[in-house]
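Thanks, everyone. Please bring up the model.

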Amino acid sequence: MTIAPLTSLTCPLDGAPLSRTESGWCCPQGHTFDVSRQGHVNLLPVQKKRSRDPGDSKAMIAARRRFLEADHYQGIAEAVSRRVLAHGAAHEALAVLDAGCGEGYYLRALAQAASVRRLSVLGLDISKWAVQAAAGRDRRMQWVVGSNAALPVPDQSLDVVLCMFGFPTPAEFARVLKPGGLLLEVEAGPDHLIELREIIYPTLKAPREPRQAPEPGFKSDMVETVRYARTLSSREQILDLLVMTPHLYRATAEGRAKAEALAHLDVTVEARLTGSLRL
């Protein structure tokens with residue numbers, strides 16, 4: 001197993017290739033981007049931000065880290081790793097991007113599962129707090145603050161793109177994937193965390209219909225549903241689950257209070273994995 005950082009990065013200002021320097025990254029036009037103390041680089045210029053501090057907050061990232069490290073979503077991580085590592089020939093290296101990597105849980109699980117595959121890895125998230133946390137945990141990979149709307153990688157340079165409970169940008173994914181490359185999207189299934197949702201919402205919305213056809217530029221590869229039960233055995237775990245999701249802001253005040261009063265909750269974990277291949 002060899003895990004290495006993906007080093008084919010492009011300038012977010014002019015799209016030119018970036019070269020590594022002693023202190024950061026630089027393009028031929030002289031745009032420079034410093035590497036942080038944790039080892040990540042910020043490729044989200046101020047003029048391309050929609051808010052002062054976009055993405056998940058520091059509190060959301062901390063809650064998600066604690067929740068994921070308790071292995072509540074291990075079944076999802078294992079299914080994702082199996083599909084990624086089955087892509088292409090076993091002797092071929094894979095260039096992998098997690099577009100919306102959060103604090104890096106799924107990429108670390110992939111690296112742990114990759115006993116015989118060589119991976120060059122890039123984790124990207126719009127939240128500086130997420131990327132900072134990811135970089136602090138694993139320096140084998142490249143970590144970047146950036147946007148899915150303009151991925152800072154060259155055309156047709158990636159074998160795999162992951163979009164885990166994130167914000168898909170199909171045209172960008174098609175641009176950066178090689179022909180035959182894998183786009184693996186993971187979305188919440190209709191019963192995902194339904195027990196929590198029944199507590200915090202007066203009524204539940206009807207489940208969204210799954211997409212029936214692949215996005216332009218892709219062909220269907222696989223669909224898999226991962227479903228199992230988990231027990232949250234403390235008030236802290238329940239609060240972490242609430243804080244790490246948008247449910248914290250969407251729930252009613254009464255619903256949040258009910259959830260915060262619980263000390264035990266059995267929940268359903270259900271995720272839909274959809275794989276598509278770049279034409």
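Start with the residues that line the second largest pocket: 5 are nonpolar, 3 are polar and 5 are charged. Keep in mind that this is a predicted model. The lining comprises 13 residues. Nearest the centre of this pocket lie Gln74, Tyr105, Arg108, Ala109 and Gln112. The space in the second largest pocket comes to about 290 Å³.

Which helix gives the most to that lining? It is α3, with 5 residues. Helices α1 (58-69), α2 (74-85) and α3 (105-113) each supply at least two lining residues.

Now the packing. Two packed helices are described by the angle between their axes and the distance between the axes. I'll give both for each pair.

Take α2 and α3, which both contribute to the pocket lining. They pack at an angle of about 55 degrees, and their axes are 9 Å apart. Who meets whom? From α2 come Gln74, Ile76, Ala77, Ser81, Val84 and Leu85. From α3 come Tyr105, Tyr106, Ala109, Leu110 and Ala113. By class, this contact of α2 with α3 has 9 nonpolar residues, 2 polar and no charged.

Next, α1. This helix packs against α7, residues 235-243. The angle is about 130 degrees, with the axes 8 Å apart. That makes α1 and α7 oblique to each other as well. Here α1 passes α7 in a left-handed crossing. On the α1 side, Ala59, Met60, Ala63, Arg66 and Phe67 take part. They meet Gln237, Asp240, Leu241 and Val243 in α7. The residues of this contact divide into 6 nonpolar, 1 polar and 2 charged.

Stay on α7. What else does it pack against? Its axis comes within 9 Å of the axis of α9, residues 253-260. Those two axes cross at roughly 145 degrees. In α7, the residues involved are Arg235, Ile238, Leu239 and Leu242. Their partners in α9 are Arg256, Ala259 and Glu260.

To recap. The pocket draws on α1, α2 and α3. Of these, α2 packs with α3, and α1 packs with α7. Then α7 meets α9. That's my part done.

Terms used
Residues numbered from 1 in each chain as written. Predicted model: local features only at pLDDT ≥ 70, side-chain atom pairs only at ≥ 80, totals over all residues. Heavy atoms only, no water. 1 Å grid on protein atoms, 1.4 Å probe; cavity = no way out; pocket = protein on both sides within 12 Å on 5 of 7 lines; lining within 4 Å. Points joined across faces, edges and corners; volume = space filled by probe spheres on them. Helix = DSSP H or I, 4+ residues; strand = E, 2+ residues; numbered from the N terminus. Nonpolar A, V, L, I, M, F, W, Y, C, P; charged D, E, K, R; others polar. Axes fitted to C-alpha atoms, helices over the stretch in contact; angles between N-to-C directions. Parallel < 35°, antiparallel > 145°, perpendicular 65-115°, else oblique. Left-handed = near helix turned anticlockwise from the far one by under 90°. Contact = heavy atoms within 4.5 Å.
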